[in-house]
Amino acid sequence: MGVRATIDAWREQGADRLDAIRFHYMDALEKRAAGHEGEVRRVLDEKLAVLLDTYAADLKKAKARKAGKSTSPAAPARETLGSLVEHMTGHSAASFPELAALDTFRNIWSKLRSENQLRQALDHLPTNAGPLNSSALVHRSIVLMRELSPGYLQQFLSYADALSWMEQMNDTVALAAKDAARPVSAKRARKK
């Protein structure tokens, strides 16, 4: 039986739930190996064969435990945890009511976070900065916002925090995509 057929058969049998992350890795590795030839394909196939053998052994152990052949104390704990996970995934987040006190704590946390950000921003005033220095201008605008409209300042800081978080996330994704694309193009360049 081929590698793809084995993976598909395990998926149909529900064996992919034994270790979903490892199973997904094997599936992705098989798809990637199918797109290569030569030495790269051989290396990927060897790695995939080892993963498949290990997964098959783990499947046998799990079936033996399920059949009651194993007397290890970890088997009942895993079954209990597994049933809890199945129960939790069966319920959506909307089925649990939201606590009324949660809004109060969110507001308190938001205010504390804004005050902390404001304190950090005001501590970094550059010395001997000119009148058009961007840091000095930001410092002055924050001080004015704090005096004139503290509510707006809080909203502004949470908006700026969200934008900063999104920028960091975007940079991380772009860097990972760039790193992932680089070895493939280098291998193709060497191949030609």
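Predicted model: local features only at pLDDT ≥ 70, side-chain atom pairs only at ≥ 80, totals over all residues.
## Starting point

In which helix is Trp10 found? Trp10 is found in helix α1, where a helix is a DSSP run of H or I with at least four residues, a strand is a run of E with at least two, and both are numbered from the N terminus.

Residues are numbered from 1 along each chain as its sequence is written, and side-chain values use heavy atoms, with hydrogens and water left out.

## The chain as a whole

The chain holds seven helices and zero strands. Read from the N terminus on, its elements run α-α-α-α-α-α-α.

Of the 192 residues in the chain, 15% are buried; buried means under 20% relative accessible area, exposed means over 50%, and partly exposed lies in between, with a 1.4 Å probe and protein chains only. Contact here means heavy atoms within 4.5 Å. Among the contacts in the chain with a separation of 6 or more, 46% are accounted for by residues 24 or more positions apart.

## α1 against α3

Let's begin with helix α1 (residues 3–13) and helix α3 (residues 38–67), whose axes come within 12 Å and cross at roughly 30°. That makes α1 roughly parallel to α3. For these numbers, axes are lines fitted to C-alpha atoms, for helices over the stretch in contact, and angles run from 0 to 180 degrees between N-to-C directions. Angles under 35 degrees count as roughly parallel, over 145 as roughly antiparallel, 65 to 115 as roughly perpendicular and the rest as oblique.

The crossing of α1 and α3 is left-handed, a term for a near helix turned anticlockwise from the far one by less than a right angle, with clockwise giving right-handed. On the α1 side, Val3, Ile7 and Trp10 meet Leu48, Leu52, Tyr55, Ala56 and Leu59 in α3. By class, the residues of this contact of α1 with α3 are eight nonpolar, no polar and no charged. Ala, Val, Leu, Ile, Met, Phe, Trp, Tyr, Cys and Pro count as nonpolar, Asp, Glu, Lys and Arg as charged, and the others, Gly among them, as polar.

## α1 against α2

Which way does α1 run relative to α2, roughly parallel or roughly antiparallel? The axes of α1 and α2 come within 10 Å and cross at roughly 150°, and α1 and α2 are therefore roughly antiparallel to each other. α1 passes α2 in a left-handed crossing. Val3, Arg4, Ile7, Trp10 and Arg11 of α1 make this contact with Phe23, Met26, Asp27, Glu30 and Lys31 of α2. Its residues divide into five nonpolar, no polar and five charged.

## Trp10 up close

Back to Trp10, which is buried, with a relative accessible area of 11%. Not counting residues up to four places away in sequence, Trp10 touches Ala15, Asp16, Phe23, Met26, Leu52, Tyr55, Ala56 and Leu59.

## Helix α3

The 30 residues of α3 reach 43 Å from first C-alpha to last, close to the 44 Å expected at 1.5 Å a residue. The expected span of a helix is 1.5 Å times one less than its number of residues. Leu44, Leu48, Leu51, Leu52, Tyr55 and Leu59 are buried in α3, and what covers the buried residues of α3 includes α1 and α2 (20–34). After α3 comes Gly68, whose phi is positive, near 90°.

## α5 and α6

Further along, helix α5 (residues 101–123) and helix α6 (residues 134–148) pack at an angle of about 140°, with their axes 10 Å apart. α5 and α6 are therefore oblique to each other, and their crossing is left-handed. Leu118, Ala121 and Leu122 of α5 make the contact with His139, Ile142, Val143 and Arg146 of α6. The classes in this contact of α5 with α6 are five nonpolar, one polar and one charged.

The 23 residues of α5 should span 33 Å at 1.5 Å a residue, and its end C-alpha atoms are 33 Å apart, which agrees. In α5, Ser114, Gln117, Leu118 and Leu122 are buried. Across in α6, His139 is buried too, with a relative accessible area of 17%. Leaving aside neighbours within four places in sequence, His139 is in contact with Ala121, Leu122 and Leu125.
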